[in-house]
Amino acid sequence: MIKVAVSGYLGRMGSAVVSAVEAADDMQVVCGIDPNAPARAQDAPFPAFPTVAVALDAVDADVLVDFTQPDAVAANVEAALERGVDCVVGTTGLSMGQLEALAAKAPDGTCLFYAPNFTIGAVLMMHFASVAAKYFPQAEVIEYHHCNKKDSPSGTAVNTARLIAASRDGLPSEAPGRETEMDGCEGARGALVDGIPVHSVRSMGFVANQQVIFGSMGQTLSISHESWDRESYMPGVLLAARSVGSRSGLVVGLDKLMPDLC
């Protein structure tokens with residue numbers, strides 16, 4: 001039985017993780033972690049703690065699943081890794097350098113797994129985009145999220161742009177139109193991520209939606225993915241929680257756990 005500690009268990013994603021883990025036959029929630037836990041502990045069927053360090057000093061856990069805030073995730077992960085607890089991280093905001101530094105401090109045999117997106121469809125979207133990138137000179141990423149998302153652009157959009165750029169293997173990227181931005185309207189053509197324009201839309205009504213648009217002479221290709229419920233993330237979260245025990249060091253991307261895409 002895989003023993004899972006859920007950091008951010010009172011949040012929307014954390015609550016979904018708790019439900020998914022409790023429904024799985026091979027794992028159990030051994031504690032919840034949230035700064036507001038002391039006032040809410042009586043509402044949970046498992047012990048609850050305000051910090052990762054306090055929780056993991058009190059409870060034996062195999063895996064920490066973290067869906068919290070960009071300003072808290074690094075400290076959460078560091079506290080877990082130094083105690084030899086594998087981490088599954090869905091909180092965005094950590095740079096590759098920060099992830100590498102955190103993983104370097106972990107004991108041998110401990111795994112830090114990070115994914116910018118845990119939906120299987122989004123992973124396939126990024127894979128298909130990396131394949132198409134070699135054949136189209138122009139590409140744009142448009143991502144749509146709920147208005148309370150803490151970062152813009154999303155981690156998925158940034159990762160998609162980087163995969164597109166890397167797949168071109170040094171070929172020049174065309175991102176036309178920035179020179180046409182009107183005075184006072186700079187940014188209309190989006191942010192450039194490795195030369196790829198990325199546009200972020202934030203509004204009520206969305207959960208997570210991304211479109212990648214490729215263009216060449218006389219044609220366009222659009223690849224899109226939409227999540228309308230947080231349950232779409234749960235198969236990927238459970239896959240990661242089941243996989244980290246057999247891995248060590250830093251692992252980035254759900255595709256690394258999907259053999260056909262490696």
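Two strands count as paired if DSSP finds at least two bridges between them. Helices (H or I, at least four residues) and strands (E, at least two) are DSSP runs, numbered from the N terminus. The model is predicted: local features need pLDDT of at least 70, side-chain atom pairs count only at pLDDT 80 or more, and totals for chains, interfaces and linings use all residues. Residues are numbered from 1 along each chain as its sequence is written, and side-chain values use heavy atoms, without hydrogens or water.

Five strands make up an open sheet of mixed pairing, in the order E8-E9-E7-E10-E11. Strand E8 (191-193) and E11 stand at the edges with a single partner strand each, so one side of each has no neighbour in the sheet. E10 and E11 run antiparallel and are joined by nine bridges. Within this pair, Gly-215 lies opposite Thr-220 of E11.

Two helices pack on the sheet. H6 touches E10 and E11 (contact means heavy atoms within 4.5 Å), and its direction makes about 165° with that of E11. H7 touches strand E7 (138-145), E8, strand E9 (196-202) and E10; its direction makes about 25° with that of E10. Axes are lines fitted to C-alpha atoms, for helices over the stretch in contact; angles run from 0 to 180 degrees between N-to-C directions.

Ser-167 belongs to helix H7 (residues 155-167). Beyond its neighbours within four places in sequence, Ser-167 contacts Ser-130, Ala-133 and Lys-134. Ser-130 is itself among the buried residues of H6.

Key: Buried < 20%, exposed > 50% of the residue type's maximum accessible area, 1.4 Å probe, protein only.
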